[in-house]
Amino acid sequence: MKLEDIKRVTVIGAGTMGHGIAQVFAYNGYQVYLHDVQQDFVDRALRRIDLNLKLFIEKGLTTKDRAESTLSHIQATTDLAKALGEADFAMEVVPEEMSLKKEMFKQMDRLAPPRAILASNTSTLKISEIASVTGRPDKVIGAHWMQPPHILPLVEIIRGEKTSEETLHITKELLTRMGKAAVVCKDVPGFLVNRVQGAMLKEAANLVEQGICSKEDVDKVWTYHLGLRYALFGPFEALDSLGIDTWYKCFVYMFETIKDPRFEPPKLLEDKVKAGELGLKTGKGFYDYTGQNLDAVIDQRNDMIIELLRHLKRAKL
């Protein structure tokens, strides 16, 4: 199977995520069947997609003709056999319960053509376990979209134990062609996004639970600082900018005083410190800045933060 062979896409589950995912496929010219168990569910999804597209037009992101074309590419149905009968790529978006997903994948495997790739939007559950109920585990893959899926560009791809190289390649190509930023993760609980996000949310809850600070101040830390930084830079870019040695010392101190294994200094940082690769200030850290004007790199970073602050109107500049 090649990317060009994918013409028809089925999205199973027309709720919060499903309608937005269907919109993206249709917007990019794919014929889409959008399925749910009740007619009012799919009717509501179509209304939501229409509103999404009207907002895109209002914001100058698309045209009226493109919006109308998108809607014309979506056929809503409560008939699962009809939805899957000619699918080349089927996207499951049912509630996050393993039993529900397994039951759905049994039906998808039975009703979809043998050529079809079966993808799950699970954010946490193991793809290999889901795939185990099908006769085509090589064609089962995780494709975890972010909310709202028609706006946020990231999609997390999870390769199960038996997912083939072909399935992985086609899925990544398909998402990239539609303008999505695809990342690939091993099949571990929580995958990439929720392992990182979960650590943040858990620590935020811990701080409030222990009476260290208020929930309002935790949120303010994000909206006035960390959210701004990490809107522009990833964690490893931030470590290079802040100084790997500085953060290594922070971890050492917190681990020694709090005695919490979560703060044990990562060996990855320790190795960089020992190698003298401390980030921007040494010209090399997790990334190599050889040949770059470091002042220009810092100025570019500061300019991006200023422009973001101006746009969000969160600072007097």
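Which residues have the most contacts inside the largest nonpolar core? I started there, keeping in mind that this is a predicted model.

**Entry: the cores.** I found 36 residues in the largest nonpolar core. Val11, Phe25, Tyr30, Val32, Phe89, Met91 and Trp145 have the most contacts inside it. Helix α1, residues 18-27, gives the most to this core, and its share is six residues. There is also a second, separate core of 20 residues, with Leu118, Ile127, Ile130 and Ala131 among them.

**Entry: Trp145.** I picked this one from the list of core residues with the most contacts. Skipping neighbours within four places in sequence, I see Trp145 in contact with Met17, Ile21, Val24, Phe25 and Met91, among others. Its contacts also include Asn121, Leu154, Val155, Leu175, Met178 and Lys180.

**Entry: His144.** Next I looked up His144, which sits in strand β6, residues 140-145. Is His144 buried or exposed? It counts as buried, because its relative accessibility is 7%, under the 20% cut-off. Not counting residues up to four places away in sequence, His144 touches Ser120, Asn121, Thr122, Ser123, Leu154, Val155, Glu156, Ile158 and Asn194.

**Entry: Val133.** My last stop was the loop between α6 (127-131) and β6, where Val133 lies. I noted Val133 as partly exposed, because its relative accessibility is 23%, and that class runs between 20% and 50%. Leaving aside neighbours within four places in sequence, Val133 is in contact with Lys102, Phe105 and Lys106.

Methods:
Residues numbered from 1 in each chain as written. Predicted model: local features only at pLDDT ≥ 70, side-chain atom pairs only at ≥ 80, totals over all residues. Heavy atoms only, no water. Core = buried A, V, L, I, M, F, W, Y, C linked by side-chain atoms within 4.5 Å. Buried < 20%, exposed > 50% of the residue type's maximum accessible area, 1.4 Å probe, protein only. Helix = DSSP H or I, 4+ residues; strand = E, 2+ residues; numbered from the N terminus. Contact = heavy atoms within 4.5 Å.
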